[in-house]
Amino acid sequence: MKIKGAIFDLDGTLLDSTWVWKQVDVEFLGRYGHDVPEDYSDAIKAMGFEQVANYTIGRFGLPLTSAEVMAEWNAMAIQAYSEKVKIRQGTRELLLWLKDQGIPAGVATSNTSMLFEPCLRHNGIYELFHSFTEGSEVDRGKEFPDIYIKAAEKIGCEPSSCVVFEDIIPALKGASDGGFITTGVKEKAWGYEDEEFGKYCDHTITEITDAITLLKSL
């Protein structure tokens, strides 16, 4: 099988950034007198940015609009993404290898360009991507294949010859349902068991540094 495209999640897959959103959750909900429930992270993992805002408003009865919630979150996160968030080891090498092979690399993310673009530029890899697809461009979250299908269209690749790299189970299920080759990238923050994590993965890697070896084998 010849791989003709690769689609990457950002947070937790290519970016060491899961700590940012945990911090934002604590600070934001704390402003309105709430602790972060144990199931909150799992509940929002696969949602788009606006979906998470609406869910949070409804769950905690916040007197805010989704636009106001997102504005607060962006203000809290922008400095971290612009200056502090780093790429996972091996990310640059992987993207350069894909470029040398003539394989376009796309992004499918629930994040927004306001945050990820300065982060990718700061880390010197923004220009190595062919295109970017945000959750706001589709109607459903990552537990459905919509965002991956749109990202594949942008890089001109059929799902059956396109590898999706993701770190959360709902997203891997969404990509798998869309007919993509799925690769799970382990992120310690989520604590998935190997058996559980592998249910929706064609392949699993511990670190993104293992991706080149995997892709060569395909």
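These legends go with close-up views of a predicted model.

Before you start, residues are numbered from 1 along each chain as its sequence is written. This being a predicted model, local features need pLDDT of at least 70 and side-chain atom pairs count only at pLDDT 80 or more, while totals for chains, interfaces and linings use all residues, and side-chain values use heavy atoms, with hydrogens and water left out.

**View 1. The open sheet has 6 strands in the order 5-4-1-6-7-8, with parallel pairing.** Strands here are DSSP runs of E with at least two residues, helices are runs of H or I with at least four, and both are numbered from the N terminus. Two strands pair if DSSP finds at least two bridges between them. At the edges sit strand 5 (131-134) and strand 8 (203-205), each pairing on one side only. From one strand to the next, the twist averages 20°; angles run from 0 to 180 degrees between N-to-C directions, and axes are lines fitted to C-alpha atoms, for helices over the stretch in contact.

**View 2. Strand 1 (residues 5-8) is covered on both faces.** G5 and I7 on one side, and A6 and F8 on the other, are all buried, meaning under 20% relative accessible area with a 1.4 Å probe and protein chains only (exposed is over 50%, partly exposed in between). Strand 1 runs parallel to strand 6 (residues 162-166), joined by 4 bridges. In strand 6, I7 has V164 as its bridge partner, and F8 has F165. Strand 4 (residues 105-109) also pairs with strand 1 in the parallel sense, over 3 bridges, and there the partner of F8 is V107.

**View 3. Helix 3 (residues 49-60) has a buried face.** Its 12 residues reach 17 Å from first C-alpha to last, close to the 16 Å expected, which is 1.5 Å times one less than the number of residues. F49, V52, A53, T56, I57 and F60 are the buried ones. Seen down the axis of helix 3, they fall within an arc of 135° (taken from the directions from the axis to the C-beta atoms), so they line one face. An α-helix has 3.6 residues a turn, so residues three or four places apart point the same way. The cover includes helix 1 (18-31), helix 2 (40-44) and helix 4 (66-84), with contact meaning heavy atoms within 4.5 Å. After helix 3 comes G61, with a positive phi near 60°.

**View 4. Helix 1 and helix 4 pack at about 145°.** Their axes are 10 Å apart. Among the residues that meet are W19, W21 and F28 of helix 1, and W73, M76 and Y81 of helix 4.
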